[in-house]
Amino acid sequence: MHGITVAADRADILADLSGADLDERWLAVRLITGGPPHLLDGLTAWQGVFAVPPGDALTVGAHGGSAHRPWWSPPLPDRPVETGAAALRAALAEAVALRIAQAPESAVGCDLSGGMDSTALAFLASAAGASLHTMTLAFRDPANDDTHWANLARSHLPDTVALSLADDELPGQYENLGEPGSPADAPSGVLRGRAVFDATAARYRGHGVVLQLAGHGGDEVLQTPPGYLGDLLPAHPLLAVRHLRGHRSVRRWPLSLALRGLVDRRSYPQWLRDQARRLRGGPPTEPSHHVPLGWGPPVRMAPWATRRAALLVADLLEEAATTALPLAADRGQHQTLHRLRAVSQLYRLMRQEYDQPWMGLPFLDDRVVEACLAVRTHERGTPFAYKPLLARAMHGLMPGHLLARATKGSTDTDFYAGLREQRAALNQLVERSRLAQAGLLDAAALGAALHTPVPRISADLEDTLVVEHWLHHGRLTLPAATPSRSTVRSTRST
């Protein structure tokens with residue numbers, strides 16, 4: 001402001017100080033299905049407020065100028081899984097022990113879904129001498145087998161205090177939709193399950209728990225998206241074909257689309273430009289059915305986004321393509337880092353809304369992330385085993401039958417039940433759509449999707465409702481006219 005760099009850990013504080021307007025192009029980006037690609041994921045909601053990229057450090061000089069430099073970069077993925085597993089076990093054990101050491105005795109909680117990630121943390125915390133309170137949630141979805149696996153894990157942790165929320169105690173999805181919650185500086189994905197988080201936090205606090213260990217981030221660092229196959233092909237063609245067959249068997253990819261994705265050699269800037277042309281109404285660069293073997297899923301707008309929103313996003317894609325570099329040369333590693341940045345943003349916002357108990361996320365520690373990313377992408381991302389890196393790392397500390405679990409608890413039934421039970425409040429949100437007022441969204445199309453949700457658009461529906469809720473309850477004013485073009489840069493200052 002006035003030639004002086006002002007920095008904060010929240011974008012909304014800087015917007016208030018500078019009187020910045022919301023950026024409608026950022027709002028349009030929020031209507032991209034599956035989330036925006038790099039670099040569009042680094043924009044903030046306000047004109048003139050820029051985010052320091054993950055892995056960079058900001059320096060403000062004595063006269064108000066600023067510069068930033070990289071302080072972290074991902075390791076090369078060149079370790080075999082055996083070596084990587086030993087490094088992961090050491091890094092994860094240290095991350096858990098450091099958190100426990102900062103908490104009072106008998107004040108440590110650990111989510112225990114029975115999944116490999118949370119169960120590994122519980123065993124590491126127990127090995128470090130923590131007096132644990134474990135928490136298991138009994139979701140209504142009949143496909144959710146978390147309770148069975150959590151009870152099985154708890155039988156090997158006899159000194160823990162078992163906490164749980166039964167299905168008749170668990171709040172519904174979107175149950176406290178009318179409550180604004182603690183304000184975050186961007187739309188928070190907590191909206192759908194905020195009542196569940198509130199109930200969990202209250203149960204923990206009632207037992208004196210001040211530290212809650214959670215396995216969030218494990219999916220992102222322990223697996224490799226299948227984009228690695230294209231980079232594996234030139235050096236190890238037979239192995240690439242074997243892995244492709246494995247992925248096709250699991251994911252039911254059509255052979256023609258899989259082969260097309262496998263030989264795609266576009267650069268990242270060219271891929272971004274192709275996405276922009278598609279949004280402008282040019283010929284499709286990818287078939288409607290997608291096999292995720294490139295730099296990311298095709299950039300598509302939610303079905304209720306207007307053409308104006310698509311054109312705004314296309315402008316941003318063209319602009320980003322002039323400076324964009326991928327997050328890693330290996331496309332599988334690029335996809336992993338992109339997913340990691342997205343989930344880190346999700347939990348950054350969650351921590352703005354919740355501070356008691358403090359949520360510890362060991363899988364997102366720098367050293368843990370580095371240990372995972374240093375493993376060869378095709379060994380971390382094999383279709384023939386579920387999270388083989390963590391299974392090897394925890395061998396001998398967790399029972400083998402727990403490491404063999406290959407399912408993941410579903411909450412789809414709870415989500416659709418929440419849409420039905422809160423339909424009146426959700427209808428009001430759609431009828432007063434701020435995005436529709438800005439010309440970015442077709443409220444009738446969004447309302448139709450709300451009344452007849454289907455799995456292929458459920459995530460997009462949830463994302464759009466999050467933005468609408470944030471705009472409404474944050475009492476944010478949309479710009480009256482099209483704002484000046486905000487700059488998308490490979491480096492930014494705050």
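The sulfur of C372 lies 17 Å from the closest cysteine sulfur, the one in C110, and that is too far for a bond. A disulfide is a covalent bond between the sulfur atoms of two cysteines. To count as one here, the two sulfur atoms must be within 2.5 Å. Keep in mind that this is a predicted model. The number of disulfides in the structure is zero.

Are these cysteines buried or exposed? C110 is buried, with a relative accessible area of 0%. C372 is also buried, at 0% relative accessibility.

Next, helix α21, which covers residues 443–451.

Which residues of α21 are buried? They are L446, G447, A449 and L450. These residues span an arc of only 160° around the axis, so they sit on the same side of α21. As background, an α-helix has 3.6 residues a turn, so residues three or four places apart point the same way.

What do the buried residues of α21 pack against? Three helices: α18, residues 412–421; α19, residues 423–431; and α22, residues 455–473.

Two of those partners also pack against each other, namely α19 and α22. Two packed helices are described by the angle between their axes and the distance between the axes. For α19 and α22 the angle is about 75°, and the axes are 10 Å apart. An angle of 65 to 115 degrees counts as roughly perpendicular, and α19 and α22 are therefore roughly perpendicular to each other. On the α19 side, L426, L429 and V430 make the contact; in α22 they meet L465, E468, H469 and H472.

Definitions and conventions: Residues numbered from 1 in each chain as written. Predicted model: local features only at pLDDT ≥ 70, side-chain atom pairs only at ≥ 80, totals over all residues. Heavy atoms only, no water. Buried < 20%, exposed > 50% of the residue type's maximum accessible area, 1.4 Å probe, protein only. Helix = DSSP H or I, 4+ residues; strand = E, 2+ residues; numbered from the N terminus. Arc of directions from axis to C-beta. Contact = heavy atoms within 4.5 Å. Axes fitted to C-alpha atoms, helices over the stretch in contact; angles between N-to-C directions. Parallel < 35°, antiparallel > 145°, perpendicular 65-115°, else oblique.
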